[in-house]
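Here is a brief report on cores and helix packing. The structure comes first, then the notes.

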Amino acid sequence: MPDRPRARDGQAPDVFRRGGWVPMRMFRDDEAVDFLIVGTGAGGGTLACALAERGFSVVALDAGPFWRPLEDFASDETEQAKLYWRDERISGGEDPISFGSNNSGKAVGGSTVHFQMVSLRFRPEWLKARSLLGYARDWPIAWPEIEPYYEQVEEALKISGPVDFPWGPPRKRYPYRPHPVNAAGLVLARGAEALGISWAPTPLATVSAPRGMAHPCVYRGFCKFGCSTNAKQSALTVWIPRAIQAGAEIRDLAMAGRVEIGGDGLVTGVVYHREGEWRRQRARNVVVAGYSVETPRLLLNSACPAFPDGLANSSGMVGKYLMTHANHAVWGTMDEEIRWNKGPPSLALTEHWNYADDGKDFDGGYAIMSQGPMPAEWANSVAVKHGVWGIALRNRMMLYNRMAGLKIVGETLPQESNRVELAEEEDEYGLPIAKVTYGNCDNDKRLAAHSIRFMTDMMHAAGARDSWSEGGTAHLMGGCRMGDDERDSVTDSDGRTWDIPNLWICDGSLFPTAGGVNPSLTIQALALRIGDRMAALAARGELAGRRGRPSVTGR
Amino acid sequence: MLLGRLITPARGSRRRKPSPQRLLYSSSALLSLSVLGDSGLEHYRGLYRNRAMYVAPTIAAAGLAGAAAGLTGRSGRLPAVAFRSAVVTGLAGVGFHAWNLMKKPGRLRWDRLFYGAPAGAPAALALAGVFGLMAAGRGFPRSRPPPGEAVALVTAIGLGGNIAEVALLHFRGSYQNRFMYLPIAIPGLAAAGLLAEAAWPGKLDGALASLLGATAVLGPLGMVFHSYGVSRNMGGWANFSQNVLSGPPLAAPPSFSGLALAGFAALALRNEEL
Ligand SMILES: Cc1cc2nc3c(=O)[nH]c(=O)nc-3n(C[C@H](O)[C@H](O)[C@H](O)COP(=O)(O)OP(=O)(O)OC[C@H]3O[C@@H](n4cnc5c(N)ncnc54)[C@H](O)[C@@H]3O)c2cc1C
Ligand code: SF4
């Protein structure tokens, strides 16, 4: 783990060359930049690129290190735990969420450095879930407002996807062709076909053919532990290099502690910790993009006399309506060899239950994906979740190459009681840590039960000898939701906080509902849209340090 | 150069231009060589899991030997047997690969075409056999040598098949490099030219010769591009033992040169007939 920042002295690591550097523009702390972004993951990294390429001055901070995947990533599951956010958090409630490897990254590039690259669009109706499907809540944006940005992100990440995708409205072809479906994916395919539903190779953010300096995928399956070939199209390998080239400054190992407010109630900059000292970067606009736990935490930690309940929290919604995805699994033993760790973990999927509305006893939807856990990850799951130990564990592991499994990404409903708050305890910087409370509602439980029944049928139809199931969660969404009404949401549809016009949010915490697909594509599409909106507002002189007074114009 | 020397007749002969027969033997030799390299490597990648996987490279080697014998003036029964086996094996291979594609779950889908056994590839072996037989004057009992139109037609069909295969595989590679369109555009025009030649003999001699020349160049050029493709995989050429298998097929492009030679043979035959 580098103990000193790498992005400094006018240069940043070149992610495509061992030991390489690229020149990087630098800003002084006392120079008020147009945009200071906290967090460089799917939301922050994408927005940094969008804004820098429009000529705004941008500084983006990340608490994590700046890796060069080619030389820093080992083929070792334990070593790669260095990618996760492992700072302490308190997790409670009826169904506590597990953090770290499960959903939180800490690196330039954020969680996308170790995400599994599944890149799916929302079902259009989900954006108007309340009006069209009768549950949860509407987003403040409609499908036509986000669709073009999905397309832009897919192009930027050169998503490798099927030639004809069976679900959703007609769409442009994915930029790269699908990856070969591994034996684990073919188990899903056989199950789906036996039960008469569609399946498809999964659209993935890893290239199936060379792209610039990125090598094509080598199908070794280390994706969740950091891709050492750069086949993975993460924020680290796509948006960050573009952002730097366009003049953004990225500061690694820079932990934001507080967003500062001036006498006029506007944000003036961020106090952050780097190289052993607290520093203060001035900015005309601050964007918080630390994901669903750290974003609310930073806003709450920035409470001041003008905003005693935390910034942008007049609605009381900061930290509320946190969501995760149900991630239930069914595993089974096959007669033939599967070698499920070969290739990206989810090479085949079905979105049947995201698009079918009949035959459900629950609101929302779920996608089912084929699985390929790595050996230590699998041993850990068998030991911890099923209490298998000793010789029994050894025997179970002997079957590793014949295992197959299915997992869902299932929509959970937004509930006010699922929330992020501050704890009494403090972290190494003296900042109160986050306390997360989570519990599933009845609908969440019905969805999970439905999925387990269905996946069990699928596994047996595909030829599994036996099967067993387990619960789980993945991803985070919500915590600072966007909305149409300032009384029950934190930001408007542009990610601009209702309370402080030059404070913005741009990450997964904006989601009002979770949808039944992995979130990163939607987060990136939102970020590109927010970038466009910021530029449009700037052009109209409405991106004011104070309402009515233009302070930022871009190029 | 080597190729040039092989297809030009021995010193002392009066005509400088290679005969249609030499061109056809050379075409057969190149196609066999391409199949030998390509199927040898691809079936190795498939670990020769099925014994039948040895057949294609073996027969391709036999076809190559047959063509070499023809080129050095040693025709006879054995080469003809090799060519006939190549035709039979090639056609059987097409069927075998197609069956292989069909047995995966579900309807025929793009992903299966991309990554399954290439349905068209074995056809190159059949073509090697056909051109060998034509060169040896077999299979055309009444006219020896074969009529130019027939050679032009078979070559055009062969080019069409090759183009379809390349189009599919380069589509799989998302045409990530613009040069990936070349082996579709150039042989496409050459195939059209050959069809026109079969219909209206002698009308576009010069243009067709240039197109066939360009198609022939695609062989070595394609190998250069495919070597570059191999270098773009993780570890590059230093990791050749993996990347030669997972990168673009090095031995495939020369099949275009082989077909171009057959096209030249068609032209030469027409010229003799006219
Ligand atoms: C194992 C795993 C697999 C996943 N698989 C998929 C998948 O297949 N498909 C998919 O769509 N999604 C997947 N996800 C989810 C996806 O990665 C996240 O939803 C997405 O990256 C969230 O984007 P974000 O910008 O909100 O936050 P992140 O990408 O997490 O970025 C937040 C960044 O902010 C930084 N930060 C936070 N607080 C501070 C602070 N105070 N100061 C400075 N920096 C700070 C963090 O270090 C981090 O780098 C996966 C996630 C994990 C963990
Ligand atoms: S399987 Fe592909 S995407 Fe995953 S780590 Fe390996 S090369 Fe990267």
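Leaving aside neighbours within four places in sequence, A:Phe66 is in contact (heavy atoms within 4.5 Å) with A:Arg6, A:Ala7, A:Ala12, A:Pro13, A:Val15, A:Val108, A:Leu236, A:Ile240, A:Ile244, A:Ile250 and A:Asp252.

This is a predicted model: local features need pLDDT of at least 70, side-chain atom pairs count only at pLDDT 80 or more, and totals for chains, interfaces and linings use all residues. Residues are numbered from 1 along each chain as its sequence is written, chains are lettered from A and ligands numbered from 1 in the order in which they are written, and side-chain values use heavy atoms, without hydrogens and water.

**Nonpolar cores**

A nonpolar core is a set of buried Ala, Val, Leu, Ile, Met, Phe, Trp, Tyr and Cys residues joined through side-chain atoms within 4.5 Å. Buried means under 20% relative accessible area (1.4 Å probe, protein chains only). The largest core has 125 residues, and A:Phe66 and A:Leu503 have the most contacts inside it. Helix α12 (residues 520-539) of chain A gives the largest share, 11 residues. Another core, of 41 residues, lies apart from it; A:Phe362, A:Leu393, A:Tyr400 and A:Met459 are among them.

**A helix pair in chain B**

Helices here are DSSP runs (H or I, at least four residues), numbered from the N terminus. Helix α3 (residues 55-71) of chain B packs against helix α4 (residues 77-102) of chain B at about 145°, with axes 8 Å apart. Axes are lines fitted to C-alpha atoms over the stretch in contact, and angles run from 0 to 180 degrees between N-to-C directions.

Notes: Buried < 20%, exposed > 50% of the residue type's maximum accessible area, 1.4 Å probe, protein only. Helix = DSSP H or I, 4+ residues; strand = E, 2+ residues; numbered from the N terminus.
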